Protein chains: 2
Amino acid sequence: VASPTGMDRLSLNTATTKALTLAEALRVAADAGLTQVGLWRDRVEEVGLDRAVELVAESGLGVTTLCRGGFLTAADPAGQAAALADNRTAIEQAAALGAPELVLVVGGLPDGDRDLAAARARVADRLVDLVPFAREHGVRLALEPLHPMYVADRAVLSTLGQSLDLAAPYAPAEVGVCVDTFHVFWDPQLPEQVARAGREQRIAAYQVCDFNLPIAADALLSRGMMGDGVVDFATVSRLVAATGYDGPVEVEIFNADIWAAPAEQVVATMKQRFADLVLPALEQPGSDGS
Amino acid sequence: VASPTGMDRLSLNTATTKALTLAEALRVAADAGLTQVGLWRDRVEEVGLDRAVELVAESGLGVTTLCRGGFLTAADPAGQAAALADNRTAIEQAAALGAPELVLVVGGLPDGDRDLAAARARVADRLVDLVPFAREHGVRLALEPLHPMYVADRAVLSTLGQSLDLAAPYAPAEVGVCVDTFHVFWDPQLPEQVARAGREQRIAAYQVCDFNLPIAADALLSRGMMGDGVVDFATVSRLVAATGYDGPVEVEIFNADIWAAPAEQVVATMKQRFADLVLPALEQPGSDGS
């Protein structure tokens with residue numbers, strides 16, 4: 001089958017409509033004419049995997065990613081075993097749901113620990129454990145670098161270049177990277193690292209959302225609707241498009257105001273902003289994205 | 001004269017004692033047995049430059065840096081002219097005060113502008129304008145990369161590597177870089193970029209303060225006393241020491257609780273934390289800093 005084009009590349013990540021159940025989110029997405037969704041595990045697990053698979057099948061929507069696995073930085077054997085068990089579950093869920101990509105937020109520093117280099121090494125070690133299991137299930141692990149403001153409490157993986165280094169021992173079909181505008185827009189190495197990600201066939205997901213200022217009191221909730229913050233979507237999207245990436249574009253926004261707004265309205269705004277700010281650059285990468 | 005050693009390398013930046021006048025800050029520093037201070041321009045300008053020079057001379061303290069110039073990203077001619085005038089004033093102040101280094105916080109995006117690449121190019125252009133003036137005054141411009149969470153509103157310079165690239169056209173005595181633990185500790189390229197900064201003789205200042213979590217409601221105030229946050233001071237300090245850097249170590253903390261506490265107590269804590277967490281690593285760089 002051909003890849004979706006135009007507006008059909010847009011995928012609603014259920015984190016954007018956090019107040020909705022899985023069934024409600026699928027209905028809102030389908031009613032808005034979307035063809036794809038990205039799923040968070042919380043919405044899947046609250047109905048159970050079997051029922052989630054049924055709901056997705058009934059919706060007719062494709063699943064672009066499952067979010068999220070990861071949290072692989074535990075230093076103690078029990079913590080590491082728990083993380084591996086949880087990630088194996090996530091891989092099985094992704095496979096059952098038809099999600100080709102499992103997004104990994106790799107985790108921060110253990111409590112009281114300040115050794116970033118050691119935590120980063122443990123992430124590499126856990127990939128050794130997980131990649132064969134993911135491969136058997138036909139699921140790619142998508143490493144997501146997070147904005148450096150989350151380095152200590154959420155993801156010791158901070159840049160696209162670092163993520164590509166971590167993916168390097170594996171085949172592109174086994175380990176990819178997630179390019180999320182919020183997390184990477186600031187990076188002075190973005191042009192060369194996006195180009196490298198494309199050249200190495202590692203772009204597993206492209207997620208768009210804005211970086212709002214001032215930073216929210218809960219820093220996790222500083223993500224914004226495209227156009228509400230400081231991200232230049234044309235620039236980043238042209239870089240991604242110039243690699244030949246023709247996959248889905250997910251909108252994943254953690255934002256208290258957006259969660260409180262009517263979901264139909266949020267999705268309508270999302271479609272409009274995608275059409276205005278993202279899609280033109282995706283379809284006309286131009287010369288500065290090479 | 002020989003460079004200060006041991007505790008004499010510690011320098012109190014007056015931003016840490018924001019509630020004090022210049023005279024008060026100098027007295028607190030001297031009473032605590034410190035030999036050096038870093039000065040913010042607000043405290044200098046409120047008494048006037050001539051009086052500030054007198055006060056510093058009377059205190060017997062050395063001046064390690066003047067903070068700060070910069071804000072060089074204006075896109076309009078009037079904004080650029082104003083920025084150049086302000087930075088020339090800062091250079092003159094630094095020279096008069098005997099501060100060998102003027103720290104530059106380069107500025108964020110103009111209002112409504114999202115073009116980071118263009119803003120970064122304008123910083124390079126303004127350095128062309130400023131470096132000859134700074135050279136004539138015997139003041140080095142110290143480019144300070146800021147944490148990427150400030151990229152849009154405070155400094156489009158986000159990494160040490162990017163700062164060194166920006167400094168490269170100039171002699172090491174003309175343009176250096178400021179290594180501030182808060183801003184750089186997360187960087188996966190820190191070991192090689194600190195080593196490069198040393199090799200290129202660009203380390204103009206080493207500033208220590210912690211990265212507190214959760215991020216403060218005003219994100220600028222998330223800086224913390226060493227030991228209160230997530231920074232591994234031993235690791236960063238060993239990297240800096242391994243370059244041969246033997247200059248001052250400034251403590252510059254923006255933090256509402258610290259500003260509200262008695263300054264004598266803050267300085268006593270600062271000395272103790274420096275002695276416990278920073279100085280041992282500075283004096284024994286060890287093998288992982290090469």
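A helix crossing counts as right-handed if the near helix is turned clockwise from the far one by less than a right angle, and as left-handed if anticlockwise. Keep that in mind for this predicted model, where helix 3 and helix 4 of chain A cross in the right-handed sense. Chains A and B can be laid on each other with an RMSD of 0.0 Å, and a search over all chains turns up eleven aromatic pairs. Here's a quick tour, by topic.

**How the two chains relate**

- A turn of 180° with a shift of 0.0 Å along the axis puts chain A on chain B, at an RMSD of 0.0 Å.
- That's the relation of a two-fold axis.
- Both copies use the same surface, as 100% of the contact residues of chain A recur in chain B.

**Helix 3 against helix 4, chain A**

- Helix 3 covers residues 49-59 and helix 4 covers residues 77-97; the two pack at an angle of about 30°, with axes 9 Å apart.
- Angles under 35 degrees count as roughly parallel, so helix 3 and helix 4 of chain A are roughly parallel to each other.
- On the helix 3 side, the contact comes from A:Leu49, A:Ala52, A:Val53 and A:Val56, while helix 4 brings in A:Glu92, A:Gln93, A:Ala96 and A:Leu97.
- Sorted by class, that contact has six nonpolar residues, one polar and one charged.

**Helix 8 against helix 9, chain A**

- The axes of helix 8 (residues 190-199) and helix 9 (residues 233-242) of chain A come within 8 Å and cross at roughly 30°.
- That makes this pair roughly parallel as well, helix 8 of chain A to helix 9 of chain A.
- Their crossing is right-handed.
- A:Leu190, A:Pro191 and A:Val194 of helix 8 meet A:Val236, A:Leu239 and A:Val240 of helix 9.

**Helix 9 against helix 11, chain B**

- Over in chain B, the axes of helix 9 (residues 233-242) and helix 11 (residues 263-283) come within 8 Å, crossing at roughly 35°.
- Helix 9 of chain B passes helix 11 of chain B in a right-handed crossing.
- Helix 9 of chain B puts B:Phe233, B:Ala234, B:Ser237, B:Arg238 and B:Ala241 into the contact, where they meet B:Leu277, B:Val278, B:Ala281 and B:Leu282 of helix 11.
- By class, that gives seven nonpolar residues, one polar and one charged.

**An aromatic pair worth a look**

- Among the eleven aromatic pairs found over all chains is the one formed by A:Trp40 and A:Phe254, which is edge-to-face, with 5.6 Å from centre to centre and 90° between the planes.

- A cis peptide bond joins A:Leu213 to A:Pro214, with omega at about -5°.
- A:Pro214 is placed in the loop between strand 8 (210-211) and strand 9 (223-224) of chain A.
- In chain B, the bond from B:Leu213 to B:Pro214 is cis, with omega near -5°.
- B:Pro214 is found in the loop between strand 8 (210-211) and strand 9 (223-224) of chain B.
- A:Gln201 isn't a glycine, yet has a positive phi of about 55°.
- You'll find A:Gln201 in the loop between helix 8 and strand 7 (203-208) of chain A.

How values were computed: Residues numbered from 1 in each chain as written. Chains lettered and ligands numbered in written order. Predicted model: local features only at pLDDT ≥ 70, side-chain atom pairs only at ≥ 80, totals over all residues. Heavy atoms only, no water. Axes fitted to C-alpha atoms, helices over the stretch in contact; angles between N-to-C directions. Helix = DSSP H or I, 4+ residues; strand = E, 2+ residues; numbered from the N terminus. Parallel < 35°, antiparallel > 145°, perpendicular 65-115°, else oblique. Contact = heavy atoms within 4.5 Å. Nonpolar A, V, L, I, M, F, W, Y, C, P; charged D, E, K, R; others polar. Least-squares fit on C-alpha atoms with pLDDT ≥ 70 in both. Phe/Tyr/Trp six-rings, centres within 6.5 Å; stacked < 30°, edge-to-face > 60°.
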